[in-house]
Amino acid sequence: MDIRSLRYFVETARLSSFTQAAELLHVTQSTISKMVHQLEEELGTPLFVRDGRRLGLTDTGRVVFQRGEEMLATMRTLAAEVRDVQAVRRGTLTVGIPPMINVLFTPVLKAFRERHPDIALVLREETGQNVERLVAGGELELGMTVLPADPGLAVETLPVASYPMWALAAGGTFQRQRRTLKLSALKDLPLVLLTDDFALTRALRRAFAQAGFEPVVAAQSGQWDWLVEMASAGIGVALLPEPFIERLADASLQAVRIVEPELPWQVAHVRSGRYLSHAARAWLEVSAEVLG
């Protein structure tokens, strides 16, 4: 069984499309079809059920897809281990990092560059939920997210740091001397949140549901500094972790810590549980030392 034809089949099955698989693999659709047909002939049975424009898997196809994914993952691990042995202390590491988390890791980045100057480091900025999916799919070896991670993905999490959440609003929104705010007090207040593809928003929506209410969302943005601007303008209350509150110096804004329950912003590394390269292990070591 040819590994290339197996990969073409797995990608076609995963995307349910010969066209999309061809685009992903940078080959023609006829090449994909030919390789899949050869695989079917070798196995002596169809792998796909072709019903008009719909593409499904036969019973055999489901087995080949499952085992094929495992075999391809093993091949990727083998290639990574060989590269790691050959490189010794050299190599390339791509870390998936959400835009909000990156500000915490500047000291880690500095220490890593000083200690491992021969490791090429690439920071790939994605939302936390995208990072989790990329790690689970084997496209990223290591990344960062906000807990809790998606329970439906086969990933492991390694907690890094935890900070309380604060409510940020225009002056006069809260009582003058108030320093804390119950989560339930947000029930009828308009909120400005990050977009739903951020892991932080996923965690907040989960907290709202557990508290028994649906939030009133006035606006959403992919930029935390715009949330601050909207809060300052009185559009709604922004919910941000403590490190960002500490960066603000606007006297017109009120900031109160969320309590009862506390809403921790829990930052964690996320990995697939498979092989970790020397570069990835070095990154985790430096992160632990710098962030404590």
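Start by selecting Trp 265. Setting aside neighbours within four places in sequence, Trp 265 is in contact (heavy atoms within 4.5 Å) with Met 100, Ile 101, Leu 104, Val 146, Ala 161, Ser 162, Tyr 163, Met 165, Leu 200, Pro 241, Pro 243 and Phe 244. A word on what you are looking at: this is a predicted model, in which local features need pLDDT of at least 70 and side-chain atom pairs count only at pLDDT 80 or more, while totals for chains, interfaces and linings use all residues. Residues are numbered from 1 along each chain as its sequence is written, and side-chain values use heavy atoms, with hydrogens and water left out.

Buried means under 20% relative accessible area, exposed means over 50%, and partly exposed lies in between (1.4 Å probe, protein chains only).

As background, nonpolar side chains in soluble globular proteins tend to be buried together.

**Aromatic rings**

Now show the rings of Phe, Tyr and Trp (for Trp, the six-membered ring): two of them pair if their centres lie within 6.5 Å, and planes under 30 degrees apart count as stacked, over 60 as edge-to-face and the rest as tilted. By this rule there are 8 aromatic pairs. Select Phe 105 and Trp 283, a stacked pair with 6.2 Å from centre to centre and 15 degrees between the planes. The two are 178 residues apart: Phe 105 sits in the loop between strand E3 (91-97) and helix H5 (106-115), and Trp 283 in helix H10 (residues 278-291). Phe 105 counts as buried because its relative accessibility is 3%, and Trp 283 counts as buried at 1%.

With Trp 283 it forms an edge-to-face pair, 5.4 Å centre to centre and 65 degrees between the planes. This pair joins helix H5 to helix H10 across 171 residues. Phe 112 has 0% relative accessibility, so it counts as buried.

For a group of rings, select Tyr 163, Trp 224, Phe 244 and Trp 265, which ring pairs link into a cluster.

Select Ser 277, in the loop between strand E12 (264-271) and H10. Is Ser 277 buried or exposed? It counts as buried, at 10% relative accessibility. A polar atom of its side chain lies 3.1 Å from the backbone nitrogen of Ala 280.

Arg 274 is found in that loop between E12 and H10 too. Arg 274 is partly exposed, with a relative accessible area of 32%. Not counting residues up to four places away in sequence, Arg 274 touches Ala 73, Thr 77, Val 135, Ala 136, Gly 137 and Gly 138. Glu 141 is 133 residues from Arg 274 in sequence, yet their C-alpha atoms are 8.6 Å apart.

**Residues 1-58**

Move to residues 1-58, where UniProt, in an unreviewed entry, places the feature "domain: HTH lysR-type"; such annotations may be inferred rather than shown by experiment. Over this stretch the chain is 62% helix and 14% strand, with the end C-alpha atoms 18 Å apart. Within helix H3 (residues 29-43), pick out Glu 40, which is buried at a relative accessible area of 10%.

**Zoom out**

Finally, show the whole chain, with its 10 helices and 12 strands. Colour domain 1 (3-69), domain 2 (83-160 + 267-291) and domain 3 (162-265); these bounds come from an automatic or database domain assignment. The centres of domain 2 and domain 3, taken over C-alpha atoms, are 28 Å apart, and their contact takes 16 residues from domain 2 and 17 residues from domain 3.

Definitions and conventions: Helices (H or I, at least four residues) and strands (E, at least two) are DSSP runs, numbered from the N terminus. A polar contact is a pair of N or O atoms within 3.5 Å; within protein, one must be able to donate a hydrogen and the other to accept it, and residues adjacent in sequence count only if both atoms are side-chain atoms.
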